[in-house]
Amino acid sequence: MVSSVILVPALLNGLMTGAVYALVALGLTLIYGVLHIINFAHGALLTAALFAAFFANKLLGIDPYVAALFLAPLFFGIGYALQRFVIGPAAHGEDRNILLVTLGLAVMIENALLYAFRADTRTINLSYAFDVVEIGNSFLAVPRVVAFGVVVAIAALLWFAMRWTDTGKAIRAVAKEKLGAELSGINVAHIYAVTFGLGTACLAVTACLLIPTYYVNPHAGNAFVLIAFTIVVLGGMGSVAGAMLGGLFVGVVESFSGLYLGESLGQIGIFVMFILVLLFRPSGLFGERA
Amino acid sequence: MKGLAPIATVAVLLALVPFITASNAVLNFLVMAFLIALAGQGWNILGGYGGQYSFGHAAFFGTGTYVTAVLQVRYGMNAWLCFALGIAGGALVGAVIGGLSFRSGLRGSYFALVTLAFAEVLRIVASVAPITGAGVGTLIKLDLRPEAFQFQSRAPFYWVLLALLVVSLILTRIIEDSRFGAYLVALRENEDAAKALGVDTTLVKLGAMTISAAITAAAGGFYAQYFLFVDAGIAYGPWISVEALLAPIIGGVGTVFGPLLGALVIRTLGELTKIVAGDAPGLDLVIYGSVLVAVVAFAPRGIAGLIERVRGRLTPPAAPSLERSHG
Amino acid sequence: MSRDNLNRRRFLQSTAAAALSAPSIARAQGSAVKVGVLHPVSGALSYSGQQGRIGAQLAIEDINAAGGIKALGGAKIEAVLGDAQSTPDGGNAEVEKMNSAGVAAIVGGYASSICLAASQTAARYNLPYIVDVGVVDSIVTRGLKNTFRFGPGFGVIAKTALDNLVAINDAAGKPAKTVMIVHEDSAFGSGLSKLLNTQLPERGFQVLEVISHPTPTRDFNNVALKVRAQNPDIVIPANYYNEYVLFARTMQQQRVRPKGIYSVLGGAASSYKFVKEFPEAAQYIMDCNHWFDPKNQKALELKKRIDARNEFYTYEVYMNYSCILLLADAIERAGSADRARIIGALENSTFGGHLMPYGPTKFVNGQNQGAAPVNTQVIGNDIQVILPASFASAKAVFPMPRA
């Protein structure tokens, strides 16, 4: 059956995969926690970020880790603009409409990429992509270890920003009590846009972390969305710590259920856990009581 | 819109279509539109009238499809019987998911996400379980006889589906006018207030979910008979969850004709964008997506809402009337 | 005729009151013969669909450039392109439109589920349907007179793959005894894996484990772990391009080196793209897959043209190219664009002018009897055919040399 020799490597794998999921979920949880919208466009935006990272490397020869430094602000701007000038106004403040708008955006972005760049799967070949760090029995790919470190760092950064910066406090205020925040003089539309921008920036960094070992095509981002939603719910909507720890947890669960149930059926582990959390503790591990 | 007259009118007009055109392309287009409309009618009961947005109606559609297909193929049962059992199966799944979710007090996005998760679980199980044929799927044998719920020409399929759709329209109308419907709308507007007034909201929601699931399952069963092939992605995939909610939202949630209008608009839009965009892959969908966004921006209450607004502008204001289609 | 006009005409024709349901009218001398070209060019299968479309379009261009259908006075072939949108209902809708547009036949589909639905709808109008790739056996076992499959189905593929595996293993002194199968969990992966799993023990191999994974799969590290832990002699992957690439790269990263990687319908195993982009991970990988006849001049010329366009010469291209040539031949012999006559011509077709190593066509119940996959191996920077010997351009390297 499953020998103990692979349990530790499987655990480490789960943690590293989980870290990447966590970064996607971080963006989503911020957007969800503050704007209370289920962002259907999250996957498509990740795909767009992957293409950006790809072209930065292919056309400009920039290493993805370096590219993250300017792609993050760029995508922050894109996210800000999307929320401020498209989603916000189009939605007229109705939840249902936001759903439709983000859905429409998702279709537009994904197919614009398909139209512009065709359906080919693209990859980049970096010299260090196959380097490994050996820990006991496990061969850990260097890009994945780096990704783990970067995600933890970003999560910590965001957590501090939420706690100690004015914008962070404003974001938390709007998330908790929008009317009150507005009355205290906070520009809610701006905060919404900043939050969306932060979420999109997270995706840009995720893309740069993924691209050494993953691939790019117009549908690539979609594979991460459902699992990100699971983590958002598990960790508690709007909680940075929740997204980080939830991501790691989900990564490990996925790894072990894949090991014991097979990769296909194993995917069920995540969703069953998702359902159980929703039924018994919907506020998640770190969220506010629903 | 009071009474069954509008439904009867629409039913008769639509029934005449196969006599006006012999084009199977048109009939096929309408069949697909009605299929989505039917699935959307189901969604609308729970989401439009009840305000509980489900992102996982594929769970019911897929159950209808698989029960209809598998019972025929593996146990040789009569196709119509299998279809009926498919509807029952869908209703059962709806009751279970609803029971679990509503008893835990899930509302709003939490409810939406849990339905999504259930649909995914079913999809994954269906993709590995031997009884569904796992990855290979289930193929219904070609047997073009009415007894086997298959027909030589497209028109009988069209009429059967139209009949199902009309039944769902009438059902929606009945619910709208009933006390159950009043409770449903009340809990949509303010669940806590409704509870305080003595409405057993959990039971009402459960009832709505069961009916909703049954209707969508009917659409699924029909799909199986029309295409004769089912696999996990077709049955339980996100595509149908999205279409089932898109149609009512575009057409107007909480209205009798919303899903039908929405489905026709969406499908027609799909065809038009293909024509405008030509053969370039993806371009038609880019246009489709932008029209979607534009529709929301300029017609936030859906088509039905648009109609009400126009009607409101054309008729002089009489006594203040309660707005029927809610935001 | 411009694309816009074509589309408008299609739409108008399909909504006009006087619709054409089953035109059996022989075309007037010289007027174009319409052929439906159906592929999933958008959605999840878009890459394969686009490649298939390219192959079909090039074939039509070439036939027209060479004088069109001579039996019809040099009538040109006119492509009626359809996007199946990677779903069976998408394919179905396109078939209806193509029928209304008066096509003489339809080629394509690519995915098994699309082919099943599309060919069935085409059968209503007695519209000839030539399947380009779709491998599930049920495509040709439904008793549909209009459906013809030019390429091989599962049964033949699995048998050929096993025959060749045994041959390669025997030739190397039987170093391999244990096997692990890694397959994707939809129609083609599951179906193939089932057949292999049953037949491998009969041929003297022990199947250690069968691992199924979804499409898409984000990460193969655990799969690679299991492979490394059980250390099979041979790993048999059966999946689509993206997953194959991820799997191969992960195995390289995890230092998993079995005696042989022997894929059956491997998504990237016989892909020039894969070899070009990951030469190290691709080395010595064997595949039993659709492949062109390496000794066929026309096939090699087409490869040059595709390479010149900076595209990859994938099996969708040359299979669709061949299917169009097959159809054109049938129309020539039928001497008309009448659907029933074309079906008749296909039924007794003995066409050898295609690009595949199948020999002349012979259809029994719609299946081309000579169709079979071929074994390839990545040696150096190129993909060589290693079996059957009559088409081989190199000898198999097995077991894989230790790095």
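**Chains B and C, and helix α6 of chain A**

Chain B exposes about 12,300 Å², and carbon and sulfur atoms supply 70% of that area. The model is predicted. In chain B there are 15 helices and 2 strands, whereas chain C has 13 helices and 14 strands. In chain A, the helix described here is α6, residues 166-176.

- Along the principal axes, the C-alpha atoms of chain B fill a box of roughly 60 × 45 × 40 Å.
- Of the 327 residues in chain B, 59% are buried.
- Where contacts in chain B join residues at least 6 apart in sequence, 77% of them are between residues at least 24 apart.

**Chain B: charge**

- The box filled by the C-alpha atoms of chain C, taken along the principal axes, is roughly 65 × 40 × 35 Å.
- Buried residues account for 65% of the 403 residues of chain C.
- Among contacts in chain C between residues at least 6 apart in sequence, those joining residues at least 24 apart make up 70%.

**Chain C: surface and charge**

- Chain C has an accessible surface of about 13,300 Å², and 53% of this belongs to carbon and sulfur atoms.
- There are 40 positive and 32 negative side chains in chain C, with the centres of the two sets 2 Å apart.

**Helix α6 of chain A**

- Four residues of α6(A) are buried: A:G168, A:A170, A:I171 and A:V174.
- These buried residues fall within an arc of 160° when seen down the axis of α6(A), so they line one face of the helix.
- A:D166 and A:K176 are exposed on the other side of α6(A).

Definitions and conventions:
Residues numbered from 1 in each chain as written. Chains lettered and ligands numbered in written order. Predicted model: local features only at pLDDT ≥ 70, side-chain atom pairs only at ≥ 80, totals over all residues. Heavy atoms only, no water. Buried < 20%, exposed > 50% of the residue type's maximum accessible area, 1.4 Å probe, protein only. Contact = heavy atoms within 4.5 Å. Areas by Shrake-Rupley, 256 points an atom, 1.4 Å probe, with all protein chains shown as cover. Lys, Arg positive; Asp, Glu negative; His and termini not counted. Charge placed at Lys NZ, Arg CZ, Asp CG, Glu CD. Arc of directions from axis to C-beta.
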